[in-house]
Amino acid sequence: MNRGPLFNGDYRPHFSGHETFPLRYGWLKKAVDTIRTAEVDKDNVSVFTADDAIARFGVGKNMVASIRHWAIATGIVEEASNRPKTTPLGRQLFDDGGLDPYMENPSTAWLIHWQLCSYPAKKTTWFWTFNHYPTLSFERDGLVRSIIDLVKEREWPRASQATIKNDVACFIRTYLPRLPSGRTSHEEALESPLTELGLIRSGDNHHGLRFGRGRKASLGPGVFCYAVSEFWRAHSIGTRTLSFEALSHEPGCPGRVFQLDENDLIDRFSDIEDTSKGLFAWSETAGLKQLVRNFEFETKDITTFIKSDYES
């Protein structure tokens with residue numbers, strides 16, 4: 001039986017908005033800075049739709065729309081009544097003097113990946129691929145067909161085959177660097193910061209694609225604890241324990257989103273009491289593997305977990 005937010009009756013799919021441009025280096029910082037300048041100047045219009053938006057951002061109209069899309073989809077910016085403002089997470093990361101304004105620490109890319117693939121509201125293809133796709137190897141056309149089948153099954157409106165194909169193409173370019181060629185520089189080949197995570201790779205002899213499942217040395221314990229907390233709050237906020245099965249296999253869980261194998265998860269959970277300073281504890285009693293939560297969501301700012309990955 002299919003489960004998870006994509007199969008809720010009130011879920012609304014989202015396959016567009018990026019204008020076919022994957023997230024690029026510098027865009028989230030640019031969004032935060034431009035909004036902050038507008039707030040200081042007390043502008044009363046959205047920086048993304050203002051007449052001078054192209055001049056403000058220094059890119060074309062379609063790229064302005066794409067920057068807006070990615071800033072909102074990653075949770076760096078939010079909009080109310082068409083007025084954008086930076087979120088606490090956006091300011092924490094990308095403000096001048098923030099933790100990592102220029103995305104030099106790999107923990108930032110992991111965090112942005114988590115924001116895209118654990119919340120399906122803006123990124124249906126992203127959530128579906130990392131949380132539901134049934135095999136480790138796949139091809140573009142197969143992924144497109146699986147999403148078309150999902151659309152038909154769920155009877156979702158306004159999702160044409162062409163739109164889904166464009167969305168899948170953008171998804172792949174977000175995670176898979178293009179091979180440098182005579183027309184493509186090394187920097188252009190690495191157009192998205194998420195390509196450095198190695199989550200999607202070319203298959204053998206560059207035939208097809210495959211998930212980069214297994215240990216993730218660059219995934220910091222702080223971002224991991226933050227992801228565990230976010231999943232817990234969304235999945236089962238009232239419980240004090242959460243099973244290993246849920247943390248490794250439920251849609252939207254850290255195991256699926258980060259493509260971690262069970263051995264790596266066990267190692268991370270075995271260390272989590274130390275890395276979380278006692279806020280989590282790992283229990284293996286009578287063959288039952290589960291995580292224990294020793295704090296209340298109402299009184300804990302879980303973004304503080306993230307800071308530990310930047311302290312060094």
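Just after H7, Glu 155 adopts a positive phi of about 60°. This is a predicted model: local features need pLDDT of at least 70, side-chain atom pairs count only at pLDDT 80 or more, and totals for chains, interfaces and linings use all residues. Residues are numbered from 1 along each chain as its sequence is written, and side-chain values use heavy atoms, leaving out hydrogens and water.

Helices (H or I, at least four residues) and strands (E, at least two) are DSSP runs, numbered from the N terminus.

Buried means under 20% relative accessible area, with a 1.4 Å probe and protein chains only. In H7, the buried residues include Leu 143, Ile 147 and Leu 150. The buried residues of H7 pack against helix H6 (124-131), strand E3 (137-138) and helix H8 (161-175).

In H5, 11 of the 12 residues are buried, so H5 is largely enclosed by the rest of the structure. Among them are Trp 110, His 113 and Trp 114. At the start of H5, a side-chain oxygen of Asn 105 comes within 2.8 Å of the backbone nitrogen of Ser 107.

Ser 283 lies in strand E7 (residues 280-285). Ser 283 counts as buried, at 17% relative accessibility. Leaving out residues up to four places away in sequence, Ser 283 touches Leu 288, Lys 289, Gln 290 and Val 292; contact means heavy atoms within 4.5 Å.

Terms used
Buried < 20%, exposed > 50% of the residue type's maximum accessible area, 1.4 Å probe, protein only. Polar contact = N/O pair within 3.5 Å; in protein donor to acceptor, adjacent residues only side chain to side chain.
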